[in-house]
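Colleague: Hi! Could you walk me through this one while I have it open?
Modeller: Happy to, let's look together.

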Amino acid sequence: MQSHATHRTVLRAAALAAALLAPFSLAAQPAAPSPGPATAAAPAPVPSIFIDRPSTPEAMKIAPPAPPPIPTAGDKLPVAKLTVPKGFKLEVFASGMAGARSLVRGDKGTIFVGTWMVNRVYAVTERNGKREVKTLYSNLFHPNGMAFKNGTLYIAEVNKISKVEHIEDNLDHPPALTAIYTDLPSDEPHGWKYLTIGPDNKLYFNVGAPCNICMPPPTHAQLRRINLDGSGAEVIARGIRQVVGMDFQPGSNVLYFTENQRDWLSEELPNDKLNRLLHPGKDFFGFPYCHQGNVPDPQFGWGHDCLKEVAQPLALLGPHSAPLGARFYTGRMLPAAYRNALFVARHGSWNKSKKIGGDIIVVHLNSDGTVKSWKPFLAGFLVDNNYIGRPVDMLQMPDGALLISDDWNGAIYRLSYGEAKTSKRAER
Amino acid sequence: MGTRRHGARLVLALALAASGVGAAAQNRLEPCLACHGAEGQSQTPEVPSLGAMPEKYTLIQLFMFREGMRAAAPMNDLMKDATDDDLQWFATEIAKLPPPGPPAEAADAARVARGKALAEQQHCNVCHRADFSGQENVPRLKNQREDYLLATLRAYKSAARRGYDASMAEVVQSLQEAAFEDLSYFLAHDR
């Protein structure tokens, strides 16, 4: 396992190399010396998260909101304020899980829930008709990635992927995690992972860019896959800033994934993307040279032909809108029009004065896999430019209902269609 | 001994009353203020002043202490059995304490100017606000104890302290010890 410091050095070396190779571009180091007597030989470089951040009063107001570490009580969840198309019903599935994000289901029906900042993994079980939430693991390193296969739970932290066998038989005494893959950097920025298992029985995950915008080391800004025992690692796509959602299209088995684009370019650019990986091992998605497929970066874009070099996005999903979970719907509960459509959870923007997103959109595809249309499906998480919840991931249940996680409230909702209205709705 | 202790309690109670903290809250806050100081101002080396600290920041830190995500022996023990409601209560009450003030002695104007310039160049004044009063999950820095600020910056750099998010880990990576000293001096002495 490589240390933080090693990667910082690589990162700085890469940034320095980029600056040397592009002497006339806006270099990573600010040109103006800091006012006042200098204490060090050279002014410190501006942190990557602030590169190109304007100092106008309007821009100074914008900062990422941190999810509350305490979950919202079940009876205070905003289900009644969320809107769904006619005939659909939304209800609380489980609550009390601070930071609930990625969702997978075990063979015996346990819902496993990954988190980012609170560093926990939860299990939601049903005993005697009563749903229970249990913290399985805590103090992991941003365990956002969850996958499940043949009784084994796979957990992706920032710097390792682990497994735990027979987990559903041991929920009361969860066994220690067994690391299967540790050849990963420890950088926290975009270090959290989305994990899924492909039709080829391999684990797919991202290694994000360790910055808002920078020349990433060759170990970053990519998708990788490994065998279920951690062997056979391959980089299957490059030039990817950060991914927090992916799924394989039923039938074609092509990998679709959402990608979050850089901050501080402008209010309206770049758009976050929906991509597909047609040529594993070959496709390049643009970072750091080109954003949203066709917008050259003001610093790194010089000399690059975006339309020629970059695998173009299938859809632009709104500037800074933060599309995360992406799941194809194959069930039979929702109307036929939704079968094989792709649902995408837009976590919602922070790098924008007037926020957008905070919804779930439905993407309809053409027979060649390109996007026919997309539109908001479940909305209402954004009220008066503030979040009352933020959707992250989805999970199709055996009955065809769709679970939706909300890391702002620490809850999971259940979306269904055509079921008789229960008294629960009236209680809200 | 007993009288002195009684006297200290009286001072504390008066300070709390003056700062708008209700009588019922005083007893529960007392163990906090024993180290963090009455009137929001810590007199204990490397223990932070908590006055006017944004509620959400305190809530997150208390949560992290309870979960073992941030190591500080007394705080980990004190929060061990706290419920979510307890954490919220402390965060709310602590935010009502009055803001700390700068040290009494005159500051070295050149060092203050140097730290101020650095704080602006590094965009500290964005998330922590132009007056360094903090907001939401971002702590107040103005007139925080210099030794605490310095220790905190060093801990972020060595990854001994991890933030709730990765912002500070990224911010400090390009900074050296001299910058930490100037920043801490300026923030502690800012008037």
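Modeller: Let's start with a pairing: A:Ala345 has A:Ile360 as its bridge partner in E22(A). Before going on, this is a predicted model, where local features need pLDDT of at least 70 and side-chain atom pairs count only at pLDDT 80 or more, while totals for chains, interfaces and linings use all residues. Residues are numbered from 1 along each chain as its sequence is written, and chains are lettered from A and ligands numbered from 1 in the order in which they are written.

Colleague: How many bridges join E21(A) to strand E22?
Modeller: There are 5 bridges between E21(A) and strand E22 (residues 359-365) of chain A, and the two run antiparallel. Strands (E, at least two residues) and helices (H or I, at least four) are DSSP runs numbered from the N terminus, and two strands pair if DSSP finds at least two bridges between them.

Colleague: And what about E21(A) and strand E20?
Modeller: Strand E20 (residues 323-328) of chain A pairs with E21(A) in the antiparallel sense over 4 bridges. There, A:Phe328 has A:Leu342 of E21(A) as its bridge partner.

Colleague: How many residues of strand E21 are buried?
Modeller: In strand E21 (residues 342-346) of chain A, 5 of the 5 residues are buried, so the strand is largely enclosed by the rest of the structure. Buried means that 20 or more other C-beta atoms lie within 10 Å of the residue's own; exposed means 12 or fewer, partly exposed is in between, and C-beta atoms are placed from the backbone.

Colleague: Which residues point which way from E21(A)?
Modeller: A:Leu342, A:Val344 and A:Arg346 point one way, A:Phe343 and A:Ala345 point the other way, and all are buried.

Colleague: What is A:Val344 in contact with?
Modeller: Leaving aside neighbours within four places in sequence, its contacts include A:Thr258, A:Leu274, A:Leu317 and A:Val363. Two residues are in contact if their C-beta atoms, placed from the backbone, lie within 7 Å.

Colleague: Which residues touch the most other members of the largest nonpolar core?
Modeller: A:Val113, A:Val344 and A:Ile404 do, in a core of 120 residues. Helix H3 (residues 55-67) of chain B gives the most to this core, with 7 residues. A nonpolar core here is a set of buried Ala, Val, Leu, Ile, Met, Phe, Trp, Tyr and Cys residues joined through C-beta atoms within 7 Å. In soluble globular proteins, nonpolar side chains tend to be buried together.

Colleague: OK, switching to H3(B): how many of its residues are buried?
Modeller: H3(B) is mostly covered, with 11 of its 13 residues buried. Among them are B:Tyr57, B:Leu59, B:Phe63 and B:Arg66. The buried residues of H3(B) pack against helix H4 (73-79) and helix H5 (84-95) of chain B.

Colleague: What should the 13 residues of H3(B) span?
Modeller: At 1.5 Å a residue they should span 18 Å, and the end C-alpha atoms are 18 Å apart, which agrees. The expected span is 1.5 Å times one less than the number of residues. Just after H3(B), B:Gly68 takes a positive phi of about 75°.

Colleague: How many residues of chain B are in contact with chain A?
Modeller: There are 36 residues of chain B in contact with 29 residues of chain A. On the chain B side, the largest share, 6 residues, comes from H6(B).

Colleague: Back to chain A. What order do the strands of the open sheet of 4 take?
Modeller: The order is E10-E11-E12-E13 (chain A), with antiparallel pairing. Strand E10 (195-197) and strand E13 (234-238) stand at the edges with a single partner strand each, so one side of each is left without a neighbour in the sheet.

Colleague: How are E11 and E12(A) joined?
Modeller: Strand E11 (residues 202-207) of chain A runs antiparallel to E12(A), with 6 bridges, and A:Leu203 stands opposite A:Ile226 in E12(A). Strand E12 (residues 222-227) is joined to E13(A) by 4 bridges, also antiparallel. In that pair, A:Gln222 has A:Arg238 as its bridge partner, and A:Leu223 stands opposite A:Ala237.

Colleague: Which residue takes a positive phi in the hairpin of E12(A) and E13(A)?
Modeller: A:Gly230 does, near 95°, in a hairpin with 6 residues between the strands.
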